[in-house]
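Good morning, everyone. Please look at the screen, and I will walk you through one chain.

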Amino acid sequence: WYAEGTAELFGTHRWTGGKLLMGIMPASKEETPFWGRIKAVKEAYASKTALSLIDIMQYDSRAHLQNEAYAWCWAAAYFFNQHPYTQLAFREMKSEAKDISLNFSRRFYDRIKDHWPQVAEDWQIFIAECDYGYDLPRSVVARKEAIDSIEEARKRQK
């Protein structure tokens, strides 16, 4: 899931002011014609077949025989790469990306498990609202008891 999701994430990019921006949320369907990742997530959510992060993190080598797996891997990678509680851990896992076993997912989970309830809840919000131009960092729930933690996570990102 990590390698495919990261590849999908790099597939979403745009040139702005002479700079290449990678891993963006496409602003519109026209920006990524025939891509279909957001459509797949929205359709799965509407039909009550949306996947949890744990489902995606347990993908095996056969998962990508179905096109939907690419959509879910992209969604998870975008989410983890943008969420203040997971961004640093997600980016640091690149050095371990050759490991396609469940051990990789376990190590990643271990790094973010202290915030897992919030992350899992924010994932549900993300897939419910997923659409072109969605700004995940601005959409993360600011939980009263966690505001200081979010601010600390944002400072570490800078």
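Buried residues make up 40% of the 158 residues in this chain. Buried means under 20% relative accessible area, exposed means over 50%, and partly exposed lies in between, with a 1.4 Å probe and protein chains only. A word on the source: this is a predicted model, where local features need pLDDT of at least 70, side-chain atom pairs count only at pLDDT 80 or more, and totals for chains, interfaces and linings use all residues. Residues are numbered from 1 along each chain as its sequence is written, and side-chain values use heavy atoms, leaving out hydrogens and water.

Now the overall layout. The chain has 9 helices and 2 strands. These are DSSP runs, numbered from the N terminus: helices are H or I with at least four residues, strands are E with at least two. Read from the N terminus, the order is α-β-β-α-α-α-α-α-α-α-α. The radius of gyration is 15 Å, close to the 15 Å that the globule rule gives for 158 residues, so the chain is as compact as a globular protein of that length. That radius is taken over C-alpha atoms, and the rule is 2.2 Å times the number of residues to the power 0.38. Along the principal axes, the C-alpha atoms fill a box of roughly 40 × 40 × 35 Å.

What about contacts? Take those between residues at least 6 apart in sequence: 64% join residues at least 24 apart. Contact means heavy atoms within 4.5 Å.

Next, helix packing. How do α1 and α4 lie to each other, parallel or perpendicular? The axes of α1 (residues 2–11) and α4 (residues 68–82) come within 7 Å and cross at roughly 80 degrees. The two helices are therefore roughly perpendicular. Axes are lines fitted to C-alpha atoms, for helices over the stretch in contact, and angles run from 0 to 180 degrees between N-to-C directions. Under 35 degrees counts as roughly parallel, over 145 as roughly antiparallel, 65 to 115 as roughly perpendicular, and the rest as oblique. From α1 come Glu4, Gly5, Thr6, Glu8 and Leu9; from α4 come Tyr70, Cys73, Trp74, Ala77, Tyr78 and Asn81. That contact divides into 6 nonpolar, 3 polar and 2 charged residues. Nonpolar covers Ala, Val, Leu, Ile, Met, Phe, Trp, Tyr, Cys and Pro; charged covers Asp, Glu, Lys and Arg; the others, Gly among them, are polar.

Helix α2 (residues 37–46) also packs on α4, at about 95 degrees, with axes 9 Å apart. Here Arg37, Ile38, Ala40, Val41 and Ala44 of α2 meet Tyr70, Ala71, Trp72, Trp74 and Ala75 of α4.

Now one residue inside. Leu53 lies in helix α3. Leu53 is buried, with a relative accessible area of 2%. Beyond its neighbours within four places in sequence, Leu53 is in contact with Ala76, Phe79, Phe80, Trp116, Val119 and Trp123.

Last, two loop residues. Most residues other than glycine have a negative phi. Phe34 is not a glycine, yet its phi is positive, about 65 degrees. Phe34 sits in the loop between β2 (19–22) and α2, and at 88% relative accessibility it counts as exposed. Lys48 has a positive phi too, near 60 degrees. Lys48 is in the loop between α2 and α3 (53–57), and it is exposed at 76% relative accessibility.
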